[in-house]
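Reader: I have a structure open and would like to go through its contacts. Can you take my questions one by one?

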Amino acid sequence: MKIGLIAMSGVRVHEPELAALGVSLPQFVHRGKVIASLPSLGLLTVAGLTPPGHEIAYRECAELPPPGAELERFDLVGISSFTAQIDEAYALAERYRAAGVPVVLGGLHVSLLPDEAAQHADAIVVDGAEGAWPKLVEDFANGRMQPRYQGLRAHVFEDANRAMPRFDLLRGRPYNRMTVQTSRGCPLACEFCAASLRITASFQQKPGQAVLAEIRAALAVAERPFFEFADDNSFVRRAWSKELLRELPALGIRWFTESDISIADDEELLELLAASGCAQVLIGLESPDEKSLVGLDPHGWKQRRCDGYLRAIERIQAHGISVNGCFILGLDSHGPEIFESVREFVARSGLLEVQVTVQTPFPGTPLYKRLHDSGRLLAERYWEKCTLFDVTYRPLHMSVAELEAGMRWLFSELYNEREFLSRKRHYMELVKARG
Amino acid sequence: MTRPELESSVRALLAELSRRDLAALQRDEDLVEHLGLDSLQALMLLAQLEKRFGARFPDARLADLRTLAALVEELEHQGKELVS
């Protein structure tokens, strides 16, 4: 049996003025290209979970023939997509189904809105593929595929459940970045988060030796790739993290991950990170003052940590690990003053990289429910605008137009050559001071 | 310091910082590609060169300083400025 696994990828912006502006923003464009160039770890994992005896083909949606042209023949197709591309995924599913090829849909959006997705597929996989995909393939091979398969929400990384992602499917293709996952979930549980936290019952940690084996497998198919750890919050379990980090220098890799600001508290961890080839940590700072962080996460963790943001950023970057600081515009506490406030904080912080997005109520999140229930969503269905750059709801203390205009202003203030060079210079001086 | 001496010392320092043998590195060869550096490593290398030579590369030129020849030229240029 030949199974086609198709990844929907790419960064999209719908608001025309912002999309046009994006073309001239060096860092914005760079990060967009990076994201678009990452292979789908989810589908490589699905490939790894496939029982032996079946042929697997991994394809990016951009590689597919245009509508109207003949599709590559598969016996079964699996498609994974995030929310912003889901309508394209549904359209692709319809093309295959019209050609007589059964389609399985999976991924975060499908897990959060299974009933919607089920209308466009012969079967759906909800939550992780672990615990679901092997059974689905077996059932399909025996002519009894069911419409819905429930993946595991716990014990995901136990030996009997996990599989080595099929990095070998990428051999000979021009990927210079590879992804591995060391954990799923995040204990902070921010209201807006639409990441793996939503498909796990609790924080899931992969065994360190399995992570190392995956890195070695990825190194075997690409020349000196840069690694992205596809985690929502690495280093939650410090002892485990340090054990893994002590093994990484021998692999000689450079890598990136997402974490929270508390890593700055742990000198030993920072030393290990620097020695392990960690180039950058992406940290959700969300907003520059603590009042605006009230209610963002159920335990008020980010609000409590906000006062120490500047010292923490400096401490992490002084170890030669750059921080990509992320801010969300349009929180309920934000009025039009937030744009200057973020600009001023970034200037003081010395952050080497900055990611600014607009608050986005992804379906299935507590934020979505709250805004939906209070009648603040601008449309009933807006998935194509879940890009992180399109406004989809009414902010509390400014108008939609003010939020859009303020974001454009802030982008032009942060993502220009002068500011980029200034941030580089600050980082170089930190490196020099550390020696 | 003559230009050949300066070039030799920059080459030696780059080899020390990158822990690579750079004897075969051509003067106009792209250092970042030759060493397989990512953008952050390239920036850190420039910072370390600045520190060791007591120099400060113009921010607007950072992206251009990707060859041994360009680095030597810039350091030489700064040396002349310091003398004058």
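This is a predicted model: local features need pLDDT of at least 70, side-chain atom pairs count only at pLDDT 80 or more; totals for chains, interfaces and linings use all residues.

Reader: How many residues of chain B are in contact with chain A?

Author: On chain B 17 residues are in contact with 17 residues of chain A; contact means heavy atoms within 4.5 Å.

Reader: What area is buried between them?

Author: About 1,500 Å², with carbon and sulfur atoms giving 62% of it. Buried area is the accessible area (1.4 Å probe) that two parts lose on being put together, summed over both. In chain B, the residues that lose the most area to chain A are Leu40(B), Leu43(B) and Lys51(B), together 33% of what that side buries.

Reader: And how many salt bridges between chain B and chain A?

Author: The count is five, a salt bridge being a side-chain nitrogen of Lys or Arg within 4 Å of a carboxyl oxygen of Asp or Glu. One of them joins the side chains of Glu50(B) and Lys432(A), at 2.7 Å from N to O.

Reader: At what angle do helix 16 of chain A and helix 3 of chain B cross?

Author: Helix 16 (residues 417-434) of chain A and helix 3 (residues 39-53) of chain B cross at roughly 60°, and their axes come within 9 Å. Helices (H or I, at least four residues) and strands (E, at least two) are DSSP runs, numbered from the N terminus. Axes are lines fitted to C-alpha atoms, for helices over the stretch in contact, and angles run from 0 to 180 degrees between N-to-C directions. Helix 16 of chain A and helix 3 of chain B are therefore oblique: under 35 degrees counts as roughly parallel, over 145 as roughly antiparallel, 65 to 115 as roughly perpendicular and the rest as oblique.

Reader: Which residues make the contact?

Author: Among them are Tyr427(A), Met428(A) and Lys432(A) of helix 16 of chain A, and Leu40(B), Leu43(B), Glu50(B) and Lys51(B) of helix 3 of chain B. By class, the contact has eight nonpolar, no polar and seven charged residues. Ala, Val, Leu, Ile, Met, Phe, Trp, Tyr, Cys and Pro count as nonpolar, Asp, Glu, Lys and Arg as charged, and the others, Gly among them, as polar.

Reader: Within chain A, how do helix 13 and helix 15 lie?

Author: The axes of helix 13 (residues 338-349) and helix 15 (residues 400-414) of chain A come within 9 Å and cross at roughly 20°. That makes helix 13 of chain A roughly parallel to helix 15 of chain A. Their contact divides into eight nonpolar, one polar and four charged residues.

Reader: New topic. Where does His155(A) lie?

Author: His155(A) is in the loop between strand 6 (148-150) and strand 7 (177-180) of chain A. Its phi is near 55°, a positive value in a residue other than glycine.

Reader: What about phi of Arg224(A)?

Author: Arg224(A) has a positive phi of about 45°, although it is not a glycine. Arg224(A) sits in the loop between helix 8 (208-219) and strand 10 (226-229) of chain A.

Terms used:
Residues are numbered from 1 along each chain as its sequence is written. Chains are lettered from A and ligands numbered from 1 in the order in which they are written. Side-chain values use heavy atoms; hydrogens and water are left out.
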